[in-house]
Amino acid sequence: MTTSQPNRTTLGGRLIDRTQIKNFQFDGRSIPFHPGDSIASALLASGRSVVGRSFKLHRPRGVYALGADEPNALVTTGSGPTLTPNQRATIIPVEAGMRVAGQNAWPNVQVDLFGLLDRVRPLLPAGFYYKTFMWPPSQWLRYERQIRKMAGLGPPPTEADSAKYAHRNAHADVLIAGGGPAGLSAALAAGEAGQDVILAASGQALGGGLLNQYHQAQDAWLAETITKLKALPNVRIMTMTTVVGAYEHNLFTLSERVVMRDGRMEGQPEERFWQVRSQRLIIATGGIERPLLFGDNDRPGVMLAGAASGYIWRFGVLAGRSPIIAGADDRIYKIARDFIDAGANVRAVIDLRDDPGAMADLLAADGVRVERGAMIVRAHGRHKVRAAEVWRISEAKPRLLELISADAILTTGGFGPALQLHAQARGKLSWDSGLRAFVPADNPDGNVSIGGARGSFNFELAISEGANAGRDEPLPTLCSQQAPSVHAPWDLPRLSKRPRFVDFQNDVADKDIELAAREGYRSIEHVKRYTTLGMGTDQGRAAGPMGLALLAAAIGQEITKTGVTTFRPPTTPVTFGAVAGATKGELGHAIRRTAADGWHAAQGASFIDAGLWRRPRFYKANGATVGEAYRAEAKAVREKGGMIDVSTLGKIDVQGPDAGIFLDKLYTNRISNLRLGRGRYGLMLREDGRIFDDGVVFRTGEDRFHLSCTTGGASAVYQHIEYALQVLWPSLEVYVTPVTEEWFAVAVSGPRARDLLTALLPGLDVTNSALPLMGMLETTLFDQRLLVMRISYSGELSYEINISADWGAALWRRLSELASDLEIIAYGTEAMGALRIEKGHITHAEADGRTTPDDVGLGSLVDKKKDAIGVRSLSLPVFSEAGRKQLVGLVVDDGAATLPIGAQITVDDQGATPRPSLGHVTSWAYSSELQRTIALALIKDGKRLIGERIFIVSPVMGESVAGKVVDPVFIDKEGSRLRA
Amino acid sequence: MLLIPCPHCGPRPETEFVYGGDARVKRPDPENSTDEQWTSYIYARDNPKGQHQELWLHNAGCHLWLIVERDTVSHAIGSVRAVREGQQ
């Protein structure tokens, strides 16, 4: 033994490689370890007692448990891009060179000046922050910032995570959660029966609880079973893997930590997140050891007794050289012998039972002090246990026996089943009065709990239940457990004024729960949220049952009536990165690019997301800022001409003998009477009468139509159309195909648009008579079908030119070459927005899911003589009542003012507040043509208010702009330009 | 996550589907329905405990609208058929 590992013992240590010693860093100090150590075992071996600070009171805390139930030893690993906070030191294997830091302390966990908070602990009961800092209410945000600084877990990473994570999918006949005797036995039985088996064990080694002890026969069984399992090709064994979620139809999620003893390979993920669809789940997650309740039971050195023996047999680490062991079942004598064999000086064994029997007598005969009918009342020592106050409680009046000095207090309140997966699978629970624990009461969806997870804390029971479950045979009836000789670990007299902690991580003591009960809390769900009981990273594994029992006692209720809190996935914390996997950055947010995207990028386009697409918002050559650029672009379109990539608009091909009739049902206006080669602007409503989408429909054949819809609405429109066809009018013979990606489309607008079209298609007659507004020509370019539709969004003479997407880049390039002679420029969505606002054309800002055609001035598009989706609703009285918001235009007194974001409209900006809002600005822009700021707004009875003065205000920003209500069409009301 | 047996594509995860609400709701004749009947069609929905018939669109698959029998308590799925079947 090196001197820097004072607590390493030669006994046990089955998981570590004693031949090698490596080093890692804890709070800047080098700590030696053997490969196979967890962070916790290495820290314990080095004699480190304080490894963390509690959440609220900053009390010093040490390692308490062995696995996922660890409430105290939370650490931060790595730094910069590898920084990961709130890792449980008990389950993270140490790697050489690893950097580990304690957390929630300043300057460090050993000193921590915030520890002063503990001095005022009586002033900080449950709900303290809610009660104290809510006045005045406006100051809460300020208080909260300070409180968060003091109360918290590890620091959030500030850099992007550099680790790799992977997703995996698998199918299985049987998924087994847990690598202890029950799980192994089930895996063997299922595997030998030819089933596809996945065995997920959360530790590095198989064996579960068998690894925490020495037992010749059971160890032999373990070795033999592992050998047999490894020989079965249909059994997949996954270590460091935890089943974290159970979902509908037997989908399970697994979190796998990839451990590399000799360094990580390039590209190797740190964690894999599995989704496994399995016919059956066998829950063999074992039991959770419960703490005992006594004063200052959270001091470093107080530890679960079962966990303490686990540290000996797994890691060769002594949690104490002179420990006191306390509990109420025979395991404490076995654990005492483990410690004696490992060289410890066991100071005393404290048994709650008056008459524990032979094991106690035998140990006492070997000269170990055994106190029967006694309990620990309080731990002494602050940064490290120094002594335990032991009281006799078997007599009428409890009395102090002795203050027994010790460097560790190892306690156990027995085990309760790990119910997380059973409960997540919506299994029912029943109360086992022998175990004093909730146990599974059914097999939800055929998913069965076995072994400790069922309440069978016995090797023989566990392996026989495993064999039955593996073969899908019924389990033996749960053996009636021995009579409840166990003192309930929570039902102990309070003989010390010191706090008795229930939830260590969140500093919830028994008094907090009693206080919540006195204040009227009855539901455990409410008590949980009020006191934060069980809300830490350990998910209340140990605290939950005790909290329930204390609440039940405090309100004088049966524990079965109190019930349990809802178990939700994940059962143990999972890194966000693992859940995201590779779906981050561009893979997380796929970008759809139009055929001309390369040109846009090369010409310095600034892009904006539109649905899943990216579109040029403006071209930087036209202005240094978006504001400058869009004004220049819009001006160019109105004066000469512009071209814009409109490929992202949704396009749907509708064919069939009933296509016309069908479209009459989709659009408020009539489509069936369109002549061949003609188009019409149409509105679609939801069945409740609100505008759903808009676009232009062209008749491209006798039985064929080409629909366009908005970029963002394309997929919902397609679903809507399929619904109308398949569900509402299935007798119609119509075939619908989304074809957005098949086409590239460019809109050419402005006074010189026809010149550009002629240059592109010399010899083609594109005069008003050959190609009038809402007309269409079909021709060829590059030997490809080319559709030219004369439609206008900008209000100018405008053509939309469509070609196969494969030829889109070529078409755009050709057009841009021809355009330069005509001084026609490419423009982006920002200018397009300004142009359409000048024309009062609506977009999703106005068709916001609440407005009807009438509201936005498109009532004339509703043909009430036919049935179309949503039209019936328009005759409901609510849509003709006064007070509906209507689309209007706004101008402002200060011509070029910018309008506040989220602006509301009021009649006045003086006098008492709150002033009623008449409506809001939906879109605004600076009009290059009018040389002033214009806006569209939805205002209550807006049409009646045209000419009235209003204020455009933002109470949040403290801004106010005076203006006037006007008609929403700002330029060319007659539409002479688009007919030019 | 539900596993929905699409009659055309086979068993597929819920994420491929779009939920379409209660399949038993029928669109009334707009000409011969009172405002009450019409608004009930649009807004009023049962929230049954147990057996339910639901519309699901296999959006990332065959694009069929399906009628799925689902138990709202156990999530057990009974029959699944295309809406079109039996209507034409």
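The following is a conversation about how terms are applied to a predicted model.

Biologist: Why are α4(A) and α10(A) called roughly parallel?

Modeller: Helix α4 (residues 181-192) and helix α10 (residues 459-470) of chain A pack at an angle of about 30°. Angles under 35 degrees count as roughly parallel, and α4(A) and α10(A) therefore get that label. Their axes are 7 Å apart, and α4(A) passes α10(A) in a right-handed crossing.

Biologist: Which residues make the contact between α4(A) and α10(A)?

Modeller: On α4(A) they include Pro181(A), Leu184(A) and Leu188(A). On α10(A) they include Phe459(A), Ile463(A) and Glu465(A). By class, the contact has 13 nonpolar, 4 polar and 1 charged residues.

Biologist: Which strands does α6(A) lie across?

Modeller: It lies across β15, β16 and β22 of chain A, and runs at about 85° to β15(A). Angles of 65 to 115 degrees count as roughly perpendicular, so α6(A), at about 85° to β15(A), falls in that class.

Biologist: What is the order of the strands in the sheet that holds β15 and β22 of chain A?

Modeller: The order is β15-β22-β16-β17-β18 (chain A), an open sheet of 5 strands with parallel pairing. The twist averages 20° from one strand to the next.

Biologist: What makes β15 and β18 of chain A the edge strands?

Modeller: Each of them, β15 and β18 (370-372), pairs on one side only.

Biologist: How do you know that β16(A) and β22(A) pair?

Modeller: Two strands pair if there are at least two bridges between them, and 4 bridges join β16(A) to β22(A). The two strands run parallel, and Ile325(A) stands opposite Leu410(A) in β22(A). Helix α8 (residues 358-365) of chain A also packs on the sheet, where it touches β17 (348-351) and β18 of chain A.

Biologist: How is the other sheet, with β1 and β7 of chain A, arranged?

Modeller: Its 5 strands form an open sheet in the order β2-β1-β7-β5-β6 (chain A), with mixed pairing. The edge strands are β2 (29-33) and β6 (84-88) of chain A, as each pairs on one side only. Neighbouring strands are turned by 40° against each other on average, direction ignored.

Biologist: How do you know that β1 and β7 of chain A pair?

Modeller: At least two bridges are needed, and β1 (residues 22-26) and β7 (residues 99-102) have 2 bridges, in the parallel sense. Gln25(A) stands opposite Arg99(A) in β7(A).

Biologist: How many residues does each chain give to the contact of chain A and chain B?

Modeller: Chain B gives 21 residues and chain A gives 19 residues. On the side of chain B that touches chain A, β3 (18-22), α1 (35-43) and β4 (51-57) of chain B each supply at least two residues. The largest share, 4 residues, comes from α1(B). That side of chain B divides into 11 nonpolar, 7 polar and 3 charged residues.

Conventions: Residues numbered from 1 in each chain as written. Chains lettered and ligands numbered in written order. Predicted model: local features only at pLDDT ≥ 70, side-chain atom pairs only at ≥ 80, totals over all residues. Contact = placed C-beta atoms within 7 Å. Nonpolar A, V, L, I, M, F, W, Y, C, P; charged D, E, K, R; others polar. Axes fitted to C-alpha atoms, helices over the stretch in contact; angles between N-to-C directions. Parallel < 35°, antiparallel > 145°, perpendicular 65-115°, else oblique. Left-handed = near helix turned anticlockwise from the far one by under 90°.
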